[in-house]
Amino acid sequence: MASAAEFDIVIYGASGFTGRLVAEYLAAEYGKSDLKWAIAGRNLDKLASVRDAIGAPRDLPLIAADAGDPASLKAMVGRTASVLSTVGPYQLYGSDLVAACAAGGTDYLDLCGEPIWMRQMIDAHEAVARRSGARIVFSCGYDSLPFELGVFFLQEAAIRQLGSSVARVKGRVRKMKGTFSGGTAASMKAIFAAAANDPSLLPKLRDSFVLTPGFEGPKQPPGNKPLFDEDLGMWLAPFVMANINTRNVHRSNFLLGFPYGRDFIYDEMMVAGPKETGEAAAKAIIAANNKLGAQGGPKPGEGPSKEERESGHYDLLFVGIGSDGQQVKAVVTGDRDPGYGSTSKMIAECAICLRRDTPDVAGGFWTPGAAMKDALIKRLVDRAGLTFTIEP
């Protein structure tokens, strides 16, 4: 980890839709603090326009860096303690940057939801990052931070209430108002294209433990069709982000030394509603999910208005079931559109938490929760509009 760098954080991709939101958040919340930060991207003129539009200081540094120019990435990495990247799909534009950060001892954070690429990066650069001290942290936005930390928070409550962690947790999206980002749609398209070109990737896409090298846990619920949850009295629908969130939750358990157990089972689904209307809603959700990765969906750089972002929200329920059937329930909520408003705050606070609150975390590839634990939960509650509560 770079300790005497020119900058604490560089936002790479600041002229994109999500990158601009992250920069706007830092300018508003940390513009008068001692945080040293800069924005980076391919075009300095566009970066200057972003700087002016978000009300950042005129002397906010601008850095030219291009995913197609490894030398420019290396130069950027050499100037900062951490890089916050919003430039996806990461399997297309992120590999050289991860390699540069791992080699240079510079922390790296992103919004990645591409588990096969993440595993490729872990295999290629884990040893290098451990030696250099670089902390590489994937998935610092809506995928998969509220889910990963929600399970961690629930397990801590289970230990207090039941005397031990629980081997079965259900993740249920009770409410979600907002849109998935164009970057999420682009990542899904890239994943499907990669699998079409290389069928050997298909088993990895289906592998719940693709991010736990050397460990294979028990069979997990498929979560790929509507079902009725007797405990909730509700119909459930597949959740489009479950394929990345569940992998990150299992990786957290792996990185923390299996505090949830080696037989841990976790799934995620959306609550569609009761009775016949709930079943119909579940089928409609499947149809909407199928369109997300198709042509004509949202494009990178596109997104909702400020009013739409600020009126968004989400409510996530986590149900832990003990060996004797006793249950513990935890709830995580967010106060903005999940794919943009909340995500931009979460990744910014992740970067600051890693830098300021958890400087002793060793180099290597981490999930946000495994690296920062309760310190990150506290920061997200205090500054990013999230709540973590135990439900009776």
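At what angle do the axes of H13 and helix H14 (residues 368–383) cross, and within what distance do the axes come? In this predicted model, in which residues are numbered from 1 along each chain as its sequence is written, local features need pLDDT of at least 70 and side-chain atom pairs count only at pLDDT 80 or more, while totals for chains, interfaces and linings use all residues. Side-chain values use heavy atoms, with hydrogens and water left out.

The axes of H13 and H14 come within 9 Å and cross at roughly 115 degrees, where axes are lines fitted to C-alpha atoms, for helices over the stretch in contact, and angles run from 0 to 180 degrees between N-to-C directions. The crossing is right-handed, a term used if the near helix is turned clockwise from the far one by less than a right angle, and left-handed if anticlockwise. In the contact (heavy atoms within 4.5 Å), Met346, Glu349, Cys350, Ile352, Cys353, Leu354 and Asp357 of H13 meet Pro368, Met372, Ala375, Leu376, Arg379, Leu380 and Arg383 of H14. By class, this contact of H13 with H14 has 10 nonpolar, no polar and four charged residues; Ala, Val, Leu, Ile, Met, Phe, Trp, Tyr, Cys and Pro count as nonpolar, Asp, Glu, Lys and Arg as charged, and the others, Gly among them, as polar.

Helix H13 (residues 338–357) also lies across S7 and strand S11 (313–321), running at about 75 degrees to S11. Helices (H or I, at least four residues) and strands (E, at least two) are DSSP runs, numbered from the N terminus.

The sheet that contains these strands is open, with seven strands in the order S8-S9-S10-S7-S11-S12-S14 and mixed pairing, two strands being paired if DSSP finds at least two bridges between them. Strand S8 (227–229) and strand S14 (387–391) stand at the edges, each with a single partner strand, so one side of each is left without a neighbour in the sheet. From one strand to the next, the twist averages 35 degrees. Strand S7 (residues 168–177) pairs with strand S10 (residues 265–273) in the parallel sense over six bridges, with glycine 171 opposite glutamate 268 and arginine 172 bridged to methionine 269. S7 and S11, in contrast, run antiparallel and are joined by nine bridges, and lysine 170 has valine 319 in S11 as its bridge partner.

Most residues other than glycine have a negative phi, and most peptide bonds are trans.

| Residue or bond | Backbone value |
|---|---|
| Glycine 88 to proline 89 | cis, omega near 0 degrees |
| Aspartate 143 to serine 144 | cis, omega near 10 degrees |
| Lysine 275 | phi near 55 degrees |

Proline 89 lies in the loop between strand S4 (82–85) and helix H4 (90–93), and serine 144 in the loop between strand S6 (135–137) and helix H7 (145–162).

The protein chain has 14 helices and 14 strands, and 55% of its 392 residues count as buried.

Definitions and conventions: Buried means under 20% relative accessible area, exposed over 50%, partly exposed in between (1.4 Å probe, protein chains only).
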